[in-house]
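Please keep the view open while you read.

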Amino acid sequence: MPEAYRRTLTRQISQHAHSEIVGMLPEGNWITRAPSLRRKAILLAKVQDEAGHGLYLYCAAETLGTSREEMIEALHSGKAKYSTIFNYPTLTWADIGAIGWLVDGAAIMNQVPLQRTSYGPYARAMVRVCKEESFHQRQGYEIMLALANGTAEQKRMAQDALNRWWWPSLMMFGPPDADSPNTAQSMRWRIKRETNDELRQKFVDITVPQADFLGLEVPDSDLKWNEEKGGYDFGEIDWEEFYAVVRGEGPVAKERMKARRDAWENGAWVREAAAAHEAKHRARKAA
């Protein structure tokens, strides 16, 4: 395996795994405040799914020769990145709907082509991840539908969430192709099957009609249908904000990393106990 190919895959898969784990935080914040027992059970199951996705992806990355501990250390030190979308706060219950609908919707758009990526362990992990993410997207859209068809205040809450999450969701696809340092090479190696801009356009074309059905307005005054290209034209993304959040300057970036470091430190005794149990089990088996 070419070393550059290995490094690129390790970076991408570990970043994907980190995003699944950090992505539990904004939604986990609402488990105890969900508006009904049904909603609480669904959200709890969803957060549990995200933990499982992180596990699959860490395991896939480990096949490239990097240990779990090395990947976690890279995250905690700031050397490794995760999806910038999780550096925004979840202010209301409608944000949980917007995350499911928009954030998971963008994730699915990114991840479905990865089921055909050139590295087998990554591709196989993505099959189950994509199936579960499709349910996450549906539950988010169901929340938004309930709010949009509820009281005037609930509909305002849904619109506010759309206003705040729309542009960060478009940023999830990464920088424009012309400015992306990794897209061209990843396309040649068939790690990626579609470019950032192609995926972003597909997401907009699919999501705008969904917003229309909800009776909500996409917060983009430049948004319009382009008959010639068969898709929507949309406004310019604030790339300064994008790069600022990538640098760790997002609204709750420091809180997210503190939560992950604290969880790692507080869970040390569990890892130590599990390792001791495994060592004892192997010693007995060898005796």
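In this predicted model, helix α4 (residues 68-77) packs against helix α11 (residues 253-266), with the two axes 10 Å apart and at an angle of about 140°. Two packed helices are described by just these terms, the angle between their axes and the distance between the axes.

**Helices α4 and α11**
- Angles over 145 degrees would count as roughly antiparallel, and α4 and α11 are therefore oblique to each other.
- The crossing of α4 past α11 is left-handed.
- On the α4 side, the residues in contact are Ile72, Leu75 and His76; on the α11 side they are Met257, Arg260, Arg261 and Trp264.
- Sorted by class, this contact of α4 with α11 holds four nonpolar, one polar and two charged residues.

**Helices α6 and α7**
- Helix α6 (residues 120-148) and helix α7 (residues 152-171) have axes that come within 7 Å and cross at roughly 140°.
- Met144, Leu147 and Ala148 of α6 make the contact with Gln154, Lys155 and Ala158 of α7.
- The classes in the contact of α6 with α7 are four nonpolar, one polar and one charged residues.

**A look at Thr10**
- Thr10 is part of helix α1 (residues 3-22).
- Is Thr10 buried or exposed? Its relative accessibility is 15%, and buried means under 20%, so Thr10 counts as buried.
- Apart from its neighbours within four places in sequence, Thr10 is in contact with Leu64 and Thr66.

Key
Residues numbered from 1 in each chain as written. Predicted model: local features only at pLDDT ≥ 70, side-chain atom pairs only at ≥ 80, totals over all residues. Heavy atoms only, no water. Axes fitted to C-alpha atoms, helices over the stretch in contact; angles between N-to-C directions. Helix = DSSP H or I, 4+ residues; strand = E, 2+ residues; numbered from the N terminus. Contact = heavy atoms within 4.5 Å. Nonpolar A, V, L, I, M, F, W, Y, C, P; charged D, E, K, R; others polar. Parallel < 35°, antiparallel > 145°, perpendicular 65-115°, else oblique. Left-handed = near helix turned anticlockwise from the far one by under 90°. Buried < 20%, exposed > 50% of the residue type's maximum accessible area, 1.4 Å probe, protein only.
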